[in-house]
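The report below is meant for a reader who is meeting this structure for the first time. Please keep the sequence and the model in view while reading.

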Amino acid sequence: MNSGVNVTALYLAILLFAWIPMHFWSFAASHSRDYENAGIPMLPAVVGLRKSSFVLFGNSLLLGTIAASSFFLNINGLLPAYVAVIIVISVALCYFNALAVFGGSSEKNFRSVYRFSHVYISVMLLMLILMNGAYL
């Protein structure tokens, strides 16, 4: 029995922990009027869409940094191609969040962030599976 901590599992846990606020808050921002009308204290309903857009943009920068850190950790000998995909998809995530910050913080822009958050985490998980090689 191996009692050590699996670095890939730890990295995945941190990545998911950083991704969850992006996912939930972008959904809440895309339905902010519903949350306000229901009196549910989600971030956009409490601080407004404009401030939420800055929080989500900061979260996308943090998420991209965490994702790129896998290269420096050399988790399971990850290939540079993995890092290239991480950079491209993290820049795309920042782009969608920048649209929310600089594009008027509309519910439509937040809906784009929410939809892309699914693509982001799916690609990240797929890349980890492929690079780990445990499931091939």
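## Around Ser 60

When neighbours within four places in sequence are left aside, Ser 60 is in contact with Met 22, Leu 93, Cys 94 and Asn 97, where contact means heavy atoms within 4.5 Å. Ser 60 belongs to helix H4, which covers residues 49–73; helices here are DSSP runs of H or I with at least four residues, numbered from the N terminus. Because its relative accessibility is 1%, Ser 60 counts as buried, a word used for residues under 20% relative accessible area, with exposed meaning over 50% and partly exposed in between (1.4 Å probe, protein chains only). A polar atom of the Ser 60 side chain lies 2.6 Å from the backbone oxygen of Phe 57.

This is a predicted model, in which local features need pLDDT of at least 70 and side-chain atom pairs count only at pLDDT 80 or more, while totals for chains, interfaces and linings use all residues. Residues are numbered from 1 along each chain as its sequence is written, and side-chain values use heavy atoms, with hydrogens and water left out.

## Met 22 and helix H1

Met 22, one of the contacts of Ser 60, lies in helix H1 and counts as buried because its relative accessibility is 0%. Apart from neighbours within four places in sequence, Met 22 is in contact with Leu 56, Asn 59, Ser 60, Leu 93, Asn 97, Val 113 and Ser 117.

Helix H1 (residues 7–30) has 24 residues and reaches 35 Å from its first C-alpha to its last, close to the expected 34 Å, the expected span being 1.5 Å times one less than the number of residues. At Trp 19 in H1, shortly before Pro 21, there is a kink of about 25°, taken as the angle between axes fitted to the seven residues ending there and the seven starting there.

Helix H5 (residues 80–102) has 23 residues and should span 33 Å, which agrees with the 32 Å between its end C-alpha atoms. Its buried residues include Tyr 82, Leu 93, Cys 94 and Asn 97. Just after H5, Gly 104 takes a positive phi of about 100°.

The largest nonpolar core has 26 residues, and those with the most contacts inside it are Tyr 11, Leu 15, Leu 63, Ala 67, Tyr 82, Tyr 120 and Met 124; such a core is a set of buried Ala, Val, Leu, Ile, Met, Phe, Trp, Tyr and Cys residues joined through side-chain atoms within 4.5 Å. Two or more residues of this core come from each of H1, H4, H5 and helix H6 (107–132), and H6 gives the largest share, 9 residues.

## Aromatic pairs

The count comes to 3 aromatic pairs, where rings of Phe, Tyr and Trp (its six-membered ring) pair if their centres lie within 6.5 Å, and planes under 30 degrees apart count as stacked, over 60 as edge-to-face and the rest as tilted. Phe 27 and Tyr 114 form a tilted pair, 5.0 Å centre to centre with 55° between the planes. Since Phe 27 lies in H1 and Tyr 114 in H6, this pair ties together parts that are 87 residues apart in sequence.

Phe 96 and Phe 116 form a tilted pair with 4.9 Å between centres and 35° between planes. Phe 96 is partly exposed at 22% relative accessibility, whereas Phe 116 is buried at 14%.

Key: A polar contact is a pair of N or O atoms within 3.5 Å; within protein, one must be able to donate a hydrogen and the other to accept it, and residues adjacent in sequence count only if both atoms are side-chain atoms.
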